[in-house]
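Here is a short briefing on the structure shown below.

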Amino acid sequence: MPLNRRTVLKQFLYMSAGMALLPACLQHHAKSSMLLKHIAIDGDQEKTLAELSETIIPATTTPGAKDVSAHLFVLTMVDDCFTKADRDRWQAGFAAFEKMSNDLNGKNYLSSTPQQREALLTKLETVKDEKDDAAWFYQATKRLTIRCYTSSKFYLTKVQVYELVPSRYKGCVPYKPAARKVA
Amino acid sequence: MGNTKETRTFDAIVIGSGISGGWAAKEFTEKGLKTLVLERGRDVQHLKDYPTTNKYPWEFEHRGDITADVKEANPVVSRCYAFREDAMHFFVKDTEHPYVQDKPFDWIRGYQVGGKSLLWARQTQRWSDFDFEGPARDGFAVDWPIRYKDIAPWYSHVEKFAGISGNKDGLPNLPDGEFLPPLELSCVENYFKDFVSKNYKDRNVIYARCAHLTEPQPIHLEQGRGQCQKRNLCQRGCPFGGYFSSNSSTLPWAQRTGNLTMRPHSVVHSIIYDEQKGKATGVRVVDTQSKEMIEYYANVIFVNAAAVNTNIILLNSTSHRFPNGLGNDSGVLGKYFAFHNYRGHISAEYDGFKDSTTDGRTPTSAYLPRFRNVVKQETDFLRGYAAGFSSGRGKNMHTEGFGKTLKENLFNPETTGWYVGSHMMGETIPKESNKLTLDASKKDEWGIPLLHLDIAYDDNDEKMLKDFFEQMTEMYTKAGFTNIKTGDSKQAPGLDIHEMGGVRMGNDPKTSMLNKWNQLHACKNVFVTDGACMTSTSTQNPSLTYMALTARAVDYAVTQLKKNEL
Ligand SMILES: Cc1cc2nc3c(=O)[nH]c(=O)nc-3n(C[C@H](O)[C@H](O)[C@H](O)COP(=O)(O)OP(=O)(O)OC[C@H]3O[C@@H](n4cnc5c(N)ncnc54)[C@H](O)[C@@H]3O)c2cc1C
């Protein structure tokens, strides 16, 4: 199954066409701070994602999702690592999520109060229907937010310490449950 | 360096700088021969060219993942478990060197100085006579022209230099070697080891021998290598030289003799055969940067391009004397190609040892040497399989909900019970129908005919897979493991990355390509000592055997050169 040059070329064209289209989609809004290859996101949507990630993992006495730029990681992963079908679904789900916010709270997520945001997420947490785009978007975004947070410099140096150079392996040591950490 | 015929003439030429080529280079240069190593890929210098080696997880843009575009454009290499963001620069992308899959074959390659030695999983088990005698006893392929006693001193030779960590287990089917101390097994691995030896008289679970410096010796320090620091990030290249790679070990050693010339960006197109002299005089190289064809000359040529590429080079080396490929009087070149069956895996949980865990990371695991059909035929399939065995406790994060509760849960992941897992490494039977051929008209970027791979599993492989599931499930069940799950990855041949054969060794020039010294029967100054030479595959990870065969063949070649016999 040799990769045929034409497929590759087509992909390349598709990518550059995507990029060319991007500015047009953004004419009415502030630009996203990131250069994205496949998906179109405006500045407000980026802010919405930041707030959503922060509702998922809020800053307390310790950093929250925004402090580790989880929303930018979400965008990078959706843009680079999702298949086209998943990218499309994530974008459609984003719109459905905003619609759900409007239906429930009478305003979009960004303009909602913390209580309204929590009410929306509480509702989304209970959705079992796998076909629900808003819930799919929410769960995908949440998964990426958690992944970013738990692999962030903060988490891996202060919470669960990652050792680049352990210099040891012990096959059988007593297991001591860790003391509960305050988040 | 000028560009006269004289400056392009060496004592020895080695094609490829991976595990086997690195060894050929070391042995030749140490014996005083001016040696040219031709490597199709770019240069990769130890330490200097390991761009990701000291990165923390958060320093990877995609936290290790491969992007969708890369996956889509490169489905084959994307199936390799080690093709991740931290090491993808050491793999060949599908698009960089296309080939034709008459049947699905995942050809995983590393084209650079060091080849796949940077990427390998470093498992190193010796063969025994139960392996070498397989074809003769069971009536397949041809008899190996060597036995354990022929290679044993060479296993020792390469083990001492490479540094192999292991336990003296005293098993006849997996001979002991020159070992550095083993690392520990986990409580559950030790439990399973004891359980198996008590309950099965011919089965053993041992510490898997691996090419790691657990306690470096002077010979390793002299190479500039240090102790393995249990990072388990080996595929990035090791800043401590803790595991064996050509880049950290054999190549810098060869360089220090002053006898090595390394030429990266050099695709060997074919070997030049001189009809008058009746031997090979050199090779034709395509410079990947200038696309120019250049000839290099030497008295002896070692082909170490990794099994598949070695077959291509010989098939493409045609002459009046050898119209079907160099040394191919028998017609077996490119045929009887084989691999390891890695399709089966099994996982389970163990409810014991709740008060124990592991600390740090281990670069290896436990290992079950082949126990099927070892001494005599006892199943409805030929040969058998080895298996890995590993264990550990995981971290389980509760991710339901959001806000402070979720955050609290993320800060306090729950330590799970013990999980255990094994994967199968099955011997496949070389068959004439599993073959490599060159396309009659289509060529690659370097003017070399495109490769066709026509390789498939057979009934023996299916039966063996079934037996692996049955036997492992039985052992796991009896050992008290629960939630046992078996899986057939259905992966294509090749993804085992233990491709072998096509230029097999044998006693008879009518049915084999190479003699007992890895020398082409019909063209005595050309040697093949990578996986292509393998008459059968047995179940061991093969690279240690390539290393030993290479050192042994160089020793022989140099003796013959001195006697003017090549
Ligand atoms: C992820 C992974 C895990 C593995 N785990 C293990 C393991 O645990 N144990 C084990 O024994 N083996 C393992 N292997 C396999 C092991 O890497 C190979 O068996 C070994 O590297 C083969 O050595 P070689 O010298 O034949 O080939 P390579 O190491 O691949 O080197 C061949 C070299 O030849 C060069 N070359 C190819 N064609 C040409 C040409 N025409 N002209 C010039 N140069 C050319 C290539 O660029 C390459 O540098 C693993 C491999 C991978 C990728």
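Around the ligand are 38 residues, and B:Ser20, B:Glu39, B:Ala121, B:Val268 and B:Ser543 come nearest; a residue counts as near if one of its heavy atoms lies within 4 Å. This is a predicted model: local features need pLDDT of at least 70, side-chain atom pairs count only at pLDDT 80 or more, and totals for chains, interfaces and linings use all residues. Residues are numbered from 1 along each chain as written, chains are lettered from A and ligands numbered from 1 in written order, and side-chain values use heavy atoms, without hydrogens and water.

**Ligand site**
- B:Glu39 places a polar side-chain atom 2.6 Å from a ligand oxygen atom.
- A polar backbone atom of B:Ala121 is 2.8 Å from a nitrogen atom of the ligand.
- A polar backbone atom of B:Pro542 lies 3.4 Å from an oxygen atom of the ligand.
- The ligand taken alone exposes 980 Å², and the protein buries 97% of that (Shrake-Rupley method, 1.4 Å probe; for residues, only the protein chains shown count as cover).
- In chain B, α1 (19–30), β8 (266–274), α10 (307–316) and α13 (543–562) each give the shell at least two residues (DSSP runs, numbered from the N terminus: helices are H or I, at least four residues; strands are E, at least two).

**Nonpolar cores**
- The largest nonpolar core has 99 residues, of which B:Ile271 and B:Val283 touch the most other members (a core is a set of buried Ala, Val, Leu, Ile, Met, Phe, Trp, Tyr and Cys residues joined through side-chain atoms within 4.5 Å).
- Helix α6 (residues 148–162) of chain B gives this core its largest share, eight residues.
- A second, separate core of 44 residues includes A:Val68, A:Phe73, A:Tyr109 and A:Leu144.

**B:Gln223**
- B:Gln223 sits in the loop between α8 (218–222) and α9 (250–256) of chain B.
- Why does B:Gln223 count as buried? Its relative accessibility is 4%, and buried means under 20% relative accessible area (1.4 Å probe, protein chains only).
- Beyond its neighbours within four places in sequence, B:Gln223 contacts B:Phe161, B:Ser248, B:Ser249, B:Trp253 and B:Arg256 (contact means heavy atoms within 4.5 Å).

**Chain A**
- Chain A has seven helices and one strand, in the order α-α-α-α-α-α-α-β along the sequence.
- Of the 183 residues in chain A, 44% are buried.
- Chain A exposes about 9700 Å², with 58% supplied by carbon and sulfur atoms.

Methods: A polar contact is a pair of N or O atoms within 3.5 Å; within protein, one must be able to donate a hydrogen and the other to accept it, and residues adjacent in sequence count only if both atoms are side-chain atoms. Buried means under 20% relative accessible area, exposed over 50%, partly exposed in between (1.4 Å probe, protein chains only).
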